[in-house]
Amino acid sequence: MQWLQAFLNGLLVGGVYALIASGMALIFGVMRLVNFAHGAFLMLGTYLSFYGWTLLGLNPYLAFPLWGAVLFAVAVGTYWLLVRRVMGANDFLQILLTEGISLALIGLAQLVFGADYRQINLPIANRITSLGPLHFSVGYILSFAVSLALVIALQQFLSRTEMGRAIRAVAQNRTVAPLMGIRVERVSAITFGLGIACAGVAGALLLPVFWTNPTVGGPYTLKSFVIVVLGGMGSVQGAALGGLLLGVAEQFTAYTWADRYAEVVNFVIFLAVLLFRPQGLFGGK
Amino acid sequence: MRRLPSWWPTVLFFAAVTSMPLWMHDGYVLQLVFRVIVFAVLGIAWNFVGGYAGQLSLGHVAYFGIGAYAMTLSTERIGWSPWFGVVLGAVLAAVMALLIGGVTFRLRGPYFTLSTIAAAEIIRVLVQNQDELTHGAVGTNAPLLFQAPDLDAKFFYGAMPLLGGAFALASWIHGSRFGYRLRAIRENENTAMAVGVNPAVDKLLALLPSAMVTALAGSIYASYFSFVGPDTVLTLEISVQAALIAMLGGAATVWGPILGSIVLTLTAEIFKTYFEHTHLVVYGLLLIVVVIFLPGGVISLFQRRWKFRREAGPIGAQQ
């Protein structure tokens, strides 16, 4: 029965991973930009969630759209101010720029919020529910449900709306898209905003079941790379599946081997997929 | 007027820096300059791979950490002199470079960068969790390479040959056929192959000295601060620092990393006296500024002036 528990725990964690990685996949797919600042924006989301709860009493499970909107605005600003200038430059400069943004955000967070670990005590998130011999944290279930709903909403947005069509067009061909009357700059800004908002909302949802400090995001940047590679670079559906898969893989490693090696397994999977199946596990090509 | 020979600034620079402990007795300043030297070495070593060959490695901390840990653990477990540990570290780093490079150099662009981070992280997590061998996450004391008194001056003289060696190696690469092959790989790997360059071999040949020099820097750094731990000698931050120093000064230039290290270390130090926890903000902002406004690095400011004065430079001297 324990393996089933590990599997289901993995799915619950993986749901949040799916949301984070969908954001990164969207940014990569549309802008060809590897966003090294993804985890830093997730960290901002956790702090918004933290101060929203402690200062304003806003429950993260209800206030997450607000935090998503704030991060969307911050990201669009960052795009216009900085990221725009390296679009079309080589990936060398893009990586250095986003890494610079990441360090600056982490450093600012240390200055403004301090380096301490912070946690909130949300009664509903700490409850445990049982299904026969299986036990689940209500907080994880809620985070999972909201994340998955958002991933599905994002996919519907991309496939159903006019803006979604424009985004997909830019992803397909950046040169031809403007000839079809698409404003590529605007689409890029919105894409960057949406992708970052995914990370930020995921951070807001993680806070009740986790903790935060300014460097909390680092592992998530790396995890979302792993997932995006697993799912096929740039595919949002692939990233969602990859997120669930990585969550399960981590929990199984923790269950069969040791908790602390889960990270190593991540990276081994990552290198193996890149070397032997670079189109991703679900890629068709 | 006869022009001075082109090597005079180099000689002047090294003479001035080497003589420093003779006339500078302030331990704080010597410590600061020691850090500038070690990080300049790190930047120079990174430059072989990141600057000349254009392969954005963010995993160089792996070699730095191997150097630091090899020195510490061999001294502690086998009872050798730490100097043997330093050599062992460089050898182990070379072996790891072949392993890591063999895998990661098959990838290009962002995939390469990510795989170097992954390799370094794998090493960090393994070190962190092999408590019996490595003392795990808490770390341990590193042995001293020199004995008191005058530790500051001795470490200073220990680091200078490393800087001189790295600088000489960089100067050689800069003007050699090997250096031009690396630049060809940076500009376009496929075209380089078409003109007979073997990128797989040359990239590894660039990584080998790069990893070994980085490991040496790691050993002396750990010994100076007499501590090794996964959070100090195996963090992503050091990899970023190596890249930032080279880029800030000027990638694929001989003097760039030295300039970069001076600028970065001093800026971080100045801000540190005003606020706590500022070094990350400083690194981040400097990275952003360099990428957007000064992709040629600080050195490009001087180069532009020199070019203006001399009018005609060699063809291809501009970026």
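This is a predicted model: local features need pLDDT of at least 70, side-chain atom pairs count only at pLDDT 80 or more; totals for chains, interfaces and linings use all residues.
Helix α4 (residues 61-78) of chain B packs against helix α5 (residues 82-104) of chain B at an angle of about 140 degrees, with the axes 7 Å apart. Here axes are lines fitted to C-alpha atoms, for helices over the stretch in contact, and angles run from 0 to 180 degrees between N-to-C directions. Helices (H or I, at least four residues) and strands (E, at least two) are DSSP runs, numbered from the N terminus. The angle makes α4(B) oblique to α5(B), since angles under 35 degrees count as roughly parallel, over 145 as roughly antiparallel, 65 to 115 as roughly perpendicular and the rest as oblique.

Residues are numbered from 1 along each chain as its sequence is written, and chains are lettered from A and ligands numbered from 1 in the order in which they are written.

Which residues make the contact between these two helices? Among them are B:Ala62, B:Tyr63 and B:Ile66 of α4(B), and B:Pro82, B:Phe84 and B:Gly85 of α5(B); two residues are in contact if their C-beta atoms, placed from the backbone, lie within 7 Å. By class, this contact has 15 nonpolar, 6 polar and no charged residues. Ala, Val, Leu, Ile, Met, Phe, Trp, Tyr, Cys and Pro count as nonpolar, Asp, Glu, Lys and Arg as charged, and the others, Gly among them, as polar.

Let us turn to chain B as a whole. Chain B has 16 helices and 0 strands. Its C-alpha atoms fill a box of roughly 60 × 50 × 35 Å along the principal axes. Among contacts in chain B between residues at least 6 apart in sequence, 75% join residues at least 24 apart.

Chain A, by comparison, contains 11 helices and 2 strands. From the N terminus on, the order of elements in chain A is α-α-α-α-α-β-β-α-α-α-α-α-α. The C-alpha trace of chain A spans about 60 × 45 × 35 Å along its principal axes.
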